Amino acid sequence: MEGVGVPLVTPFDEDGGIDESKLRAVASWVVECGVDFVVPCGSNGESELMTLDERAEVTEIVVDEVSVPVLAGTGHPGLEETREQTRRAAEAGADAALVVTPYYFDHDQAALAAYYGRLADESPPPIYLYNVPAKTGVSLDPETVGAVADHENVAGMKDSTGDMIAFQRERRLAGSDFDLLVGTGALLAPALDAGGDGGVMALANVVPDLLVEVYHQRADDSAAARALNSELVALNQAITAKHGVPGLKAAMAHRGVPAGHVRFPHQPADEDVVEEVTALVDEALDGHAD
């Protein structure tokens, strides 16, 4: 996996059910915009609010709909559900599995390394680590990443820490064959400059076309890529750390993308949030047009 990846939103209907037609439309749209791979059932897909069966269903729909590689989110707090979810993702046709660190209980680095090693031993598809301590309270040290990267069935990692020092250490310790992906759209260009292979970014649900441009522009003009990326930072902050999935779906709706409803206990974005994110979307698109 390299380039621009989308942690795809899951459109729900008013009753909280998966809206298959909208899910297919969203998946198709981001691919038409040029993204390189799609990630169903990640954090922005509200996967923690879905059952094992629902996650498997979403993965199967996305695999059927898109022509690009699929990196399916399969992580749960413990090994048994993660192993089963990963098996189902493989059956659905996913190319690899994105596995968040086990959470809720405290685990030291040795336990985390053992967890990923055992899962990789048993997993049909390749495993990608997922480090997002802001959501889990658990973080992988770069040394642990480097050690786990030696496993032949561990292919890469999504780093959502926002820590570029750690990112550079991971690049050095894990080696060049390890797919190192940044987890925030605000840092795509800097991460590429630091040796990253791409990103899995919530922002790619809203402006996939602009992130694709950042990725490809860097090959010819890294300064221009960083400049374009910097114009997206405020929008990225609004639809991630500030307003989360409700803000993200409101931003998508403003672009005419059928993101659907959020799933309870999420609440729909209120008028102030909608006004804020739509203005930021317009600003990003208008700046690009100029």
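How many residues does helix α1 have, and how far does it reach from its first C-alpha to its last? Helix α1 spans residues 20-32, which makes 13 residues, and it reaches 18 Å, close to the 18 Å expected at 1.5 Å a residue. Keep in mind as you explore that this is a predicted model.

- The buried residues of α1 are L23, V26, A27, W29, V30 and V31.

**R171, a buried arginine**
- R171 sits in helix α7 (residues 164-174), and it counts as buried because its relative accessibility is 13%, under the 20% cut-off.
- Its side chain reaches the backbone oxygen of G175 at 2.6 Å.
- The side chain of R171 also makes a polar contact with the side chain of D197, at 2.9 Å.
- Leaving aside residues up to four places away in sequence, R171 touches S176, F178, L180, A194, G195, G196 and D197.

**Backbone features in the loops**
- E46 lies in the loop between β2 and α2; its phi is near 60°, a positive value in a residue other than glycine.
- Y104, in the loop between β4 (96-100) and α4 (109-122), has a positive phi as well, near 85°.
- Is each one buried or exposed? E46 is buried at 2% relative accessibility, whereas Y104 is exposed at 70%.
- A cis peptide bond joins F264 and P265, with omega about 15°; P265 is in the loop between α12 and α13 (271-289).

Technical notes:
Residues are numbered from 1 along each chain as its sequence is written. This is a predicted model: local features need pLDDT of at least 70, side-chain atom pairs count only at pLDDT 80 or more; totals for chains, interfaces and linings use all residues. Side-chain values use heavy atoms; hydrogens and water are left out. Helices (H or I, at least four residues) and strands (E, at least two) are DSSP runs, numbered from the N terminus. Buried means under 20% relative accessible area, exposed over 50%, partly exposed in between (1.4 Å probe, protein chains only). A polar contact is a pair of N or O atoms within 3.5 Å; within protein, one must be able to donate a hydrogen and the other to accept it, and residues adjacent in sequence count only if both atoms are side-chain atoms. Contact means heavy atoms within 4.5 Å. The expected span of a helix is 1.5 Å times one less than its number of residues.
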